[in-house]
Amino acid sequence: MNCSHFANKLDISVENCKNFIEDDEFKKFELGIIDEKEFLDQLSKYDNIEQEQIKIIKDQPLLKFSLRQKTYEIIQHLRNKYNIYLLSNTNPIDFLAIDRWLDLRKIFKKCYLTYEQHYLKPSIEIYKHAEVFFGIKPNNTLFLDDKIENIRGAEKCGWTTIHVKSEGQLIEKLQEKNII
């Protein structure tokens with residue numbers, strides 16, 4: 001999540017945004033342990049977020065997650081040749097808003113969403129559970145993620161990985177592997 005952009009748009013402090021993302025209540029929401037109302041009640045404790053700001057949070061998911069056009073195009077291209085899956089630490093507010101906009105469930109063969117499956121990256125359990133959920137084998141899986149801790153978790157399970165640092169670097173790595 002881009003906390004500086006998100007915090008600026010909502011007129012809250014970047015520090016409070018970062019603290020909230022690290023908060024156990026946020027993790028519980030992404031695990032599907034608490035519902036939207038409980039989550040939003042917790043959110044209001046940070047900088048006294050008001051209903052107007054909550055509407056922005058629910059209706060403008062790209063405030064938190066920027067769409068990288070080339071990455072989107074790569075996914076569209078690769079899905080014609082490979083089974084492309086989504087393994088995401090997410091919550092219903094974010095996922096449903098982005099899904100309405102991009103129709104993610106149609107882009108990916110299958111979506112593993114932490115709030116539905118109740119495991120979070122980088123725990124070893126999520127990768128093992130995802131193997132069964134997707135019907136994949138570790139030695140035949142390429143996992144892409146922008147967080148190094150998630151990459152390390154996948155590698156512990158025998159998955160091949162690419163730590164995504166930028167779109168340009170992603171394209172280079174996929175070319176090196178003769179994927180694109």
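Figure 1. Asp145 is placed in strand 3, which spans residues 142-145. The structure shown here and in the other views is a predicted model. With a relative accessible area of 6%, Asp145 is buried, since the cut-off for that class is under 20%. The side chain of Lys121 makes a polar contact with the side chain of Asp145 at 2.8 Å. The backbone nitrogen of Lys147 is 2.9 Å from a polar atom of the Asp145 side chain. Leaving aside residues up to four places away in sequence, Asp145 touches Lys121, Asn150, Ile151, Ile162, His163 and Val164.

**Figure 2. The cis peptide bond between Lys121 and Pro122.** Lys121 and Pro122 are joined by a cis peptide bond, with omega at about 10°. Most peptide bonds are trans. Pro122 sits in the loop between helix 9 (114-117) and helix 10 (124-134). Lys121 is also the residue whose side chain makes a polar contact with the side chain of Asp145.

Figure 3. Most residues other than glycine have a negative phi. His118 has a positive phi, near 70°, and lies in the loop between helix 9 and helix 10. The relative accessibility of His118 is 46%, so His118 counts as partly exposed. Asn178 has a positive phi of about 55° and is not a glycine either. Asn178 belongs to the segment after helix 12. At 63% relative accessibility, Asn178 counts as exposed, the cut-off for that class being over 50%.

Figure 4. Leu86 is part of strand 1, residues 85-88. The relative accessible area of Leu86 is 18%, and Leu86 is therefore buried. Not counting residues up to four places away in sequence, Leu86 touches Phe95, Leu104, Phe108, Lys110, Cys111, Tyr112, Leu113 and Phe134. The view also takes in Phe143, 57 residues from Leu86 in sequence. The C-alpha atoms of Leu86 and Phe143 are 9.7 Å apart.

**Figure 5. The packing of helix 6 against helix 12.** Two packed helices are described by the angle between their axes and the distance between the axes. For helix 6 (residues 69-78) and helix 12 (residues 167-176), the axes come within 9 Å and cross at roughly 25°. Angles under 35 degrees count as roughly parallel, and helix 6 and helix 12 are therefore roughly parallel to each other. The crossing of helix 6 and helix 12 is left-handed. Helix 6 contributes Gln69, Lys70, Thr71, Ile74 and Leu78 to the contact, and helix 12 contributes Glu167, Leu170, Ile171 and Leu174. By class, the contact of helix 6 with helix 12 is made up of 5 nonpolar, 2 polar and 2 charged residues.

**Figure 6. The chain as context for the close-ups.** The chain holds 12 helices and 4 strands. Of its 180 residues, 42% are buried. Among contacts between residues at least 6 apart in sequence, 53% join residues at least 24 apart.

Methods. Residues numbered from 1 in each chain as written. Predicted model: local features only at pLDDT ≥ 70, side-chain atom pairs only at ≥ 80, totals over all residues. Heavy atoms only, no water. Axes fitted to C-alpha atoms, helices over the stretch in contact; angles between N-to-C directions. Helix = DSSP H or I, 4+ residues; strand = E, 2+ residues; numbered from the N terminus. Parallel < 35°, antiparallel > 145°, perpendicular 65-115°, else oblique. Left-handed = near helix turned anticlockwise from the far one by under 90°. Contact = heavy atoms within 4.5 Å. Nonpolar A, V, L, I, M, F, W, Y, C, P; charged D, E, K, R; others polar. Buried < 20%, exposed > 50% of the residue type's maximum accessible area, 1.4 Å probe, protein only. Polar contact = N/O pair within 3.5 Å; in protein donor to acceptor, adjacent residues only side chain to side chain.
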